[in-house]
Amino acid sequence: MPEKTEFAVRRALMTRTLGAASIFCAGLCQPAWALRPRAESPEVAVDPLLAETGLTARWAAAMRRDLGWAAQWHTTPSRLVLDRLESGEAEVGLFLSHPRAGHLEKEGLIHDRRKLARTEVWLVGPADDPAGIRAEKDPARAIAQVLAAQAAGVASWQTGLPGEPAAQAGADSPLAQLAAQLLAQPATGQPLTAALGHKQLNPSAPAYRLVTQAAWLRQGQVRGTRVWFQGHPALVLHAEVARSFRGKHPGGKLLVDWLDRPLARGTLRGVAGWQNAKG
């Protein structure tokens with residue numbers, strides 16, 4: 001090939017490459033104030049706790065500054081987030097630790113699963129402790145004792161905060177699943193049923209329940225209630241992210257990779273009740 005012809009071909013190729021890069025850069029680097037989620041932005045299903053405690057707002061603001069990019073955030077309880085990932089309705093899901101996530105990952109229906117943040121889970125209940133768990137050191141035994149007290153009609157048990165939707169605080173919620181996992185472990189002793197005596201249920205007394213530290217700090221102290229367990233290594237939920245196997249949006253991988261980077265993890269500082277999952 002003559003030298004001049006070869007040079008012309010190389011120059012044309014370089015011009016096309018740089019032109020495409022410029023268009024890509026312009027899409028990512030436009031001013032953050034001009035960005036709005038669009039129909040072509042990836043669909044992100046997110047547990048309400050992450051939105052209500054400010055995590056998604058911080059991620060969104062940092063993403064716009066760093067990437068010049070916005071996503072479509074839609075809140076739904078973690079169990080439904082996983083359903084939407086399974087069906088491909090959502091490209092990316094942000095959810096609280098749930099056994100179903102492990103099942104979907106094993107089946108290859110979700111991938112790129114990562115832990116982004118963690119929140120402690122506290123066992124709270126009536127300050128006068130009708131179930132008699134104040135001397136208990138093991139959360140599984142304490143929950144078993146509360147359930148025994150409920151069966152005896154001297155205390156009540158629920159998961160989550162009062163007034164939460166059934167899909168969020170019900171039997172398939174992350175908190176309920178955590179309680180079930182604890183109770184499924186081999187018992188290290190007998191529940192303290194002798195402590196129940198001849199007490200009667202006070203209908204106005206608050207229920208014993210598991211609640212995330214992030215939700216508890218956001219709601220504030222409930223009158224007549226105290227924290228009975230906190231800081232136990234078995235009582236933790238993680239904010240996790242995963243991509244749907246059926247999802248095809250190129251922004252999904254970009255979002256998940258970005259959420260796992262130091263800049264995004266640094267936005268957790270100062271958000272009450274949340275800690276970085278990596279220490």
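## A buried glutamate without a salt bridge

E120 is buried (under 20% relative accessible area, with a 1.4 Å probe and protein chains only), yet E120 has no salt bridge. A salt bridge requires a side-chain nitrogen of Lys or Arg within 4 Å of a carboxyl oxygen of Asp or Glu. The nearest side chain of opposite charge, R118, is 5.1 Å away.

This is a predicted model, in which local features need pLDDT of at least 70 and side-chain atom pairs count only at pLDDT 80 or more. Residues are numbered from 1 along each chain, and side-chain values use heavy atoms, without hydrogens and water.

## Partners of E120

The side chain of E120 makes a polar contact with the side chain of W122 at 3.0 Å; such a contact is a pair of N or O atoms within 3.5 Å, one able to donate a hydrogen and the other to accept it. The E120 side chain also reaches the backbone nitrogen of G231 at 3.2 Å.

## Strand 4 and strand 7

E120 lies in strand 4 (residues 110-126), a strand being a DSSP run of E with at least two residues. Strands 4 and 7 run antiparallel and are joined by four bridges. Within this pairing, L123 stands opposite F229 of strand 7. Four of the five residues of strand 7 (residues 225-229) are buried.

## Helix 5

In helix 5 (residues 99-106), the buried residues are R100, A101 and L104. Because these residues fall within an arc of 105° seen down the helix axis, they line one face of helix 5. They pack against helix 4 (78-87), strand 3 (92-96) and strand 4.

How values were computed: Buried means under 20% relative accessible area, exposed over 50%, partly exposed in between (1.4 Å probe, protein chains only). Lys and Arg count as positive and Asp and Glu as negative; His and the chain ends are not counted. Two strands pair if DSSP finds at least two bridges between them. The arc is that of the directions from the helix axis to the C-beta atoms. Contact means heavy atoms within 4.5 Å.
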